[in-house]
Amino acid sequence: MSMGHYTNLTDPRTELEVVRDWNGIDQVVLRSPRGAYARVSLHGGQVLSWRNDRGEELLFTSSKCSATGILFHGSFTGLNTQFLDVQAIFKPPKAMRGGIPICFPQFGNSGTLEQHGFARNRIWALDEEHPPLNQNDNNSKASVDLILKPSEDDLKCWPHGFEFRLRVSLTKDGNLSLVSRIRNVNGKPFSFSFGYHTYLSVSDISEVRIEGLETLDYLDNLSQRERFTEQGDAITFESEVDRVYVSSPNVIAVLDHEKKRTFVIRKEGLPDVVVWNPWEKKSKNIVDFGDEEYKQMLCVDAAAAERQITLKPGEEWTGKLELSEVPSTNCSGHLDQPGIII
């Protein structure tokens, strides 16, 4: 099989594998020299797994979508087989519950399309002729480039020509980055909303807090998108939450007290942050979600949800996300460091 474009780190221990899930859909595994890795499915361009160098899974996936086993092809010499423990079994075109689904051209259910748009339910292709992002990018990351173009069925429900290029990268330090570039190849303008629907794995939702969204306005989806102002010093969780924090900073932190670790989320081109946990009652009504799994997950999504993005013919939009994991004792100051995402 042609691998398309990917970048290996110079360290010989770093490899990139192609695997195949139960549905025969290719997945790409990115690995860092220190043992971190990420797994990306061509179904939806969805990141299904992100593990640190200690083998700890950092993204939540529902047990209702999981089982043991996977089929292999491509090179896998020296592969860390821990990722065999839990693999997705889902029936296309349905996206798996968990990981990082790509929401485009609609975020949520505020438009006329299926919830979160169709990109997460389409088969993407490896991008053979991707334009470069940065000359120096190849020196620091293992990455894979994917591309999505509309099918005839897509054009019937959303009649706009586009090219969606996605680069997923794993740095030598184990940070995960996603860069989306959407170009209007249509003869007329179009508008869309977007989100990286990021399911973080947490020890206990009641022991988690988010810092960096204090004093911001948010739209409460549990109150018909009524606008409120965040009053707390940090966001904590005692019941269902479904909010769009608007005009948010580009760096926020999610602190997991029990695991003593912090997720640092950096974003560019995405003005909003969506925070979601279904809590107990709603969890029981979600078919592909365990009744008690709300305790082990939290969605914190970099998004363009309040206002749509409009592209004129030939214009391109870029939206970037970088996730890193640090010990909570070392996280002070991260919110003051904007960082640069490539």
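Visitor: How many aromatic pairs does this predicted model hold, and what makes two rings a pair?

Guide: The count comes to 21 aromatic pairs in this predicted model, where two rings of Phe, Tyr or Trp pair if their centres lie within 6.5 Å.

Visitor: Why is the pair of Phe118 and Trp158 called edge-to-face?

Guide: The centres of Phe118 and Trp158 are 6.3 Å apart, and the limit for a pair is 6.5 Å; the planes stand at 65° to each other, and because angles over 60 degrees count as edge-to-face, the pair of Phe118 and Trp158 takes that name. The pair links distant parts of the chain, 40 residues apart, with Phe118 in the loop between strands E9 and E10 and Trp158 in the loop between helix H1 and strand E12.

Visitor: How do you know whether Phe118 and Trp158 are buried or exposed?

Guide: Buried means under 20% relative accessible area; Phe118 has 1% and is therefore buried, and Trp158, at 9%, therefore counts as buried too.

Visitor: What makes Trp158 and Phe190 an edge-to-face pair?

Guide: Trp158 and Phe190 lie 5.2 Å apart, centre to centre, with 65° between the planes, and these values are to be set against the limits of 6.5 Å for a pair and over 60 degrees for edge-to-face. This pair also links distant parts of the chain, since Phe190 belongs to strand E14 (residues 190-196) and lies 32 residues from Trp158. With a relative accessible area of 2%, Phe190 is under the 20% limit and so is buried. Ring pairs link Phe118, Trp158 and Phe190 into a cluster whose members include Phe104, Trp124, Tyr196 and Trp317.

Visitor: What makes Arg243 a charge over the ring of Tyr218?

Guide: Arg243 lies over the face of Tyr218 at 4.4 Å from the ring centre, and the distance limit for such an arrangement is 6 Å.

Visitor: Why is the contact between Arg31 and Glu17 called a salt bridge?

Guide: The closest N and O atoms of Arg31 and Glu17 are 3.7 Å apart, and because a salt bridge requires a side-chain nitrogen of Lys or Arg within 4 Å of a carboxyl oxygen of Asp or Glu, the pair of Arg31 and Glu17 qualifies. The bridge links distant parts of the chain, with Arg31 in strand E3 (residues 26-31) and Glu17 in strand E2 (residues 16-20), 14 residues apart. Arg31, at 12% relative accessible area, is buried, and Glu17, at 0%, counts as buried as well. The structure holds 25 salt bridges.

Visitor: How do you know that Asp26 is buried, and what is Arg20 called, its partner in a salt bridge?

Guide: Asp26 and Arg20 form a salt bridge with closest N and O atoms 3.4 Å apart. Asp26 has 13% relative accessibility, under the 20% limit, and so counts as buried, whereas Arg20, at 31%, falls between 20% and 50% and is therefore partly exposed.

Visitor: Why is Arg54 called exposed but Asp53 partly exposed?

Guide: Exposed means over 50%; Arg54 has 52% relative accessibility and therefore counts as exposed, whereas Asp53, at 42%, counts as partly exposed. The side chains of Arg54 and Asp53 meet in a salt bridge at 3.6 Å, N to O. Salt bridges that share partners join Asp53 and Arg54 with Glu56, Arg261 and Glu325 into one network.

Visitor: How do you know that Asp301 has no salt bridge?

Guide: Asp301, which lies in strand E23 (residues 297-311), is buried, and the nearest side chain of opposite charge, Arg97, is 9.6 Å away; because a salt bridge needs a separation within 4 Å, Arg97 does not qualify as a partner of Asp301. The side chain of Asp301 does reach the backbone nitrogen of Thr198, at 2.8 Å. Beyond its neighbours within four places in sequence, Asp301 is in contact with residues including Phe107, Tyr196, Asp272 and Val274.

Visitor: What makes Gln296 partly exposed?

Guide: Gln296 has 34% relative accessibility, between the limits of 20% and 50%, and therefore counts as partly exposed. Its place is in the loop between helix H2 (279-283) and strand E23, and the C-alpha atoms of Gln296 and Ser201, 95 residues apart along the chain, are separated by 5.9 Å.

Key
Residues numbered from 1 in each chain as written. Predicted model: local features only at pLDDT ≥ 70, side-chain atom pairs only at ≥ 80, totals over all residues. Heavy atoms only, no water. Helix = DSSP H or I, 4+ residues; strand = E, 2+ residues; numbered from the N terminus. Buried < 20%, exposed > 50% of the residue type's maximum accessible area, 1.4 Å probe, protein only. Lys, Arg positive; Asp, Glu negative; His and termini not counted. Polar contact = N/O pair within 3.5 Å; in protein donor to acceptor, adjacent residues only side chain to side chain. Contact = heavy atoms within 4.5 Å. Phe/Tyr/Trp six-rings, centres within 6.5 Å; stacked < 30°, edge-to-face > 60°. Lys NZ or Arg CZ within 6 Å of the ring centre and 35° of its normal.
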